[in-house]
Amino acid sequence: MRKLPPLPTIKDLVRMYQLNAQRQLAQNFLMDMNLTNKIVKAAGNIENGYVCEVGPGPGGITRSILNAGAKLCVVVEKDRRFLPGLQLLGDCAEGRLRIIHGDILRYSGDNLFPLDAATAWDAASPNVHIVGNLPFNISLPLLLQWLEKIANRTGPFAFGRSKLTLTFQKEVAERMTADINTANRCRLSVMCQYLCDVKHKFNIPGKAFVPKPKVDVGVVHLIPLKVARISQPFKLVEKAVREVFHFRRKYCKKGIESLFPPERDDLVLKMIRNSRIDATARPFQLTMEDWSALCDVYAEICRHEPDLADYSYR
């Protein structure tokens, strides 16, 4: 395993380049290499693998990735202030670090790695990973983008079932992994779990970050499933789950009503009858099989009446 030569500490780099965290970018630095190593270890064996790191900042997790023996680490960093420190790291990495200055929300992730890194979707996951200490303000939009790419097998997931190891606010991590009939079960739980095996690996106290956020942080590991638990297009699933969960505490019939114009009670009854769900269940009580059945019936209705796919009660 190739390790990096001795380098200035992350604290020294922050001081050297005067890298103050910017609140408007929701930046929080992780200085403790024991914790950055733990995050990378949660990703699994990345030796001789390919890693895309999101928002490397001063490069703590980047060092851990390279020290773990990654063949290539591609970092995507929006804040140009971090580029000199990352370039210093790159100069010591013997060609194993590639730096992209850009906004990850606008980065497709296509052609990240060589084609020979790919595996078939129904084979074992490739040695391709997405890792990141995500800024809180982009974590959910970015996660939903990646989930859509998983559903469509595009971007980083054109290489196969690439694994993700990411930080979120602890509350978000708990929602992503929540079981049915629990307080945290929500739209995000269903969207993550219908496409991935999701594990909340461990928490990091807020005091470990600089500056200290007001909340603790959860590290979540996602592995795309060989077969999604709902077989319909991502946009359709997202809309159905969003509308039904909009009335989380009410019977799911209330949310189903919002999918159709007020005068179309017949379609509400058809959704309930054909999916065979309990109309008096709350959304957080529905199983993944229930959600799959609901989406199948909704897709069938939209095929017969295409205008309904774009209907919004709001």
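Modeller: The following dialogue takes a few features in turn; please note that this is a predicted model.

Colleague: Let us begin with a single residue. Is Ser162 buried or exposed?

Modeller: A residue under 20% relative accessible area is called buried. Ser162 has 0% relative accessibility, so it counts as buried. Ser162 belongs to the loop that joins helix H5 (136-152) to strand E6 (163-169).

Colleague: Which residues is Ser162 in contact with, leaving aside its neighbours within four places in sequence?

Modeller: They are Pro126, Val128, Pro156, Phe157 and Pro224. With Pro156 there is also a polar detail: a polar atom of the Ser162 side chain lies 2.8 Å from the backbone oxygen of Pro156.

Colleague: How should I read a pair of helices? At what angle do H10 and H11 pack?

Modeller: One considers the angle between the axes and their separation. For helix H10 (residues 265-275) and helix H11 (residues 288-304), the angle is about 135° and the axes are 9 Å apart. Angles over 145 degrees would count as roughly antiparallel, and H10 and H11 are therefore described as oblique to each other. The crossing of H10 past H11 is right-handed.

Colleague: Which residues make the contact?

Modeller: H10 contributes Leu267, Lys270, Met271, Asn274 and Ser275, while H11 contributes Ala293, Leu294, Val297, Tyr298 and Ile301. Sorted by class, the contact of H10 with H11 has seven nonpolar, two polar and one charged residues.

Colleague: What does the backbone angle phi tell me?

Modeller: Asn111 is not a glycine, yet its phi is positive, at about 55°. Asn111 sits in the loop between strand E4 (97-101) and strand E5 (128-132), and it counts as exposed because its relative accessibility is 69%. Arg276, also not a glycine, has a positive phi of about 60°. The loop between H10 and H11 holds Arg276, which is exposed with a relative accessible area of 75%.

Colleague: Finally, where does Arg229 lie, and which residues does it touch?

Modeller: Arg229 lies in the loop between strand E9 (217-224) and helix H8 (234-245). Its relative accessible area is 42%, so Arg229 is partly exposed. Not counting residues up to four places away in sequence, Arg229 touches Gln193, Tyr194, Cys196, Met288 and Ser292. Arg229 and Tyr194 are 35 residues apart along the chain, but their C-alpha atoms are separated by 4.8 Å. The Arg229 side chain also reaches the backbone oxygen of Gln193, at 2.5 Å.

Definitions and conventions:
Residues numbered from 1 in each chain as written. Predicted model: local features only at pLDDT ≥ 70, side-chain atom pairs only at ≥ 80, totals over all residues. Heavy atoms only, no water. Helix = DSSP H or I, 4+ residues; strand = E, 2+ residues; numbered from the N terminus. Buried < 20%, exposed > 50% of the residue type's maximum accessible area, 1.4 Å probe, protein only. Polar contact = N/O pair within 3.5 Å; in protein donor to acceptor, adjacent residues only side chain to side chain. Contact = heavy atoms within 4.5 Å. Axes fitted to C-alpha atoms, helices over the stretch in contact; angles between N-to-C directions. Parallel < 35°, antiparallel > 145°, perpendicular 65-115°, else oblique. Left-handed = near helix turned anticlockwise from the far one by under 90°. Nonpolar A, V, L, I, M, F, W, Y, C, P; charged D, E, K, R; others polar.
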